[in-house]
Amino acid sequence: MAGIRDEIVRWTREGTPFELIENRISGLPASDDEKSALWLWAWSYRPPGESYGESRRRVLAD
């Protein structure tokens, strides 16, 4: 699993969309627990200020 963790770090640093990373993790021959751990690993390497699965909107106050 160490090799895939390195790949996940590389993918996140290259700006690979999280959905694609998630699909790659889902396709691995691993247990659900291992896939969950990899998903959290990927989440922890997201670039600062970027939120996966959320759109950012600016709101102007009156």
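Predicted model: local features only at pLDDT ≥ 70, side-chain atom pairs only at ≥ 80, totals over all residues.
Mentor: Residues are numbered from 1 along each chain as its sequence is written. Local features need pLDDT of at least 70, side-chain atom pairs count only at pLDDT 80 or more, and totals for chains, interfaces and linings use all residues.

Trainee: What makes Phe-18 buried or exposed?
Mentor: Buried means under 20% relative accessible area, exposed over 50%, partly exposed in between (1.4 Å probe, protein chains only). Phe-18 has 9%, so Phe-18 is buried.

Trainee: Why does Trp-39 count as partly exposed?
Mentor: Its relative accessibility is 29%, so Trp-39 falls in the in-between class.

Trainee: Why is the pair of Phe-18 and Trp-39 called edge-to-face?
Mentor: Rings of Phe, Tyr and Trp (its six-membered ring) pair if their centres lie within 6.5 Å; planes under 30 degrees apart count as stacked, over 60 as edge-to-face and the rest as tilted. Here the centres are 5.6 Å apart, with 75° between the planes. Therefore the pair is edge-to-face.

Trainee: What does that pair tie together?
Mentor: Phe-18 lies in helix 2 (residues 18–26) and Trp-39 in helix 3, so parts 21 residues apart in sequence are tied together. Helices are DSSP runs of H or I with at least four residues, numbered from the N terminus.

Trainee: Which residues do ring pairs link into a cluster?
Mentor: Phe-18, Trp-39 and Trp-43.

Notes. Heavy atoms only, no water. Helix = DSSP H or I, 4+ residues; strand = E, 2+ residues; numbered from the N terminus.
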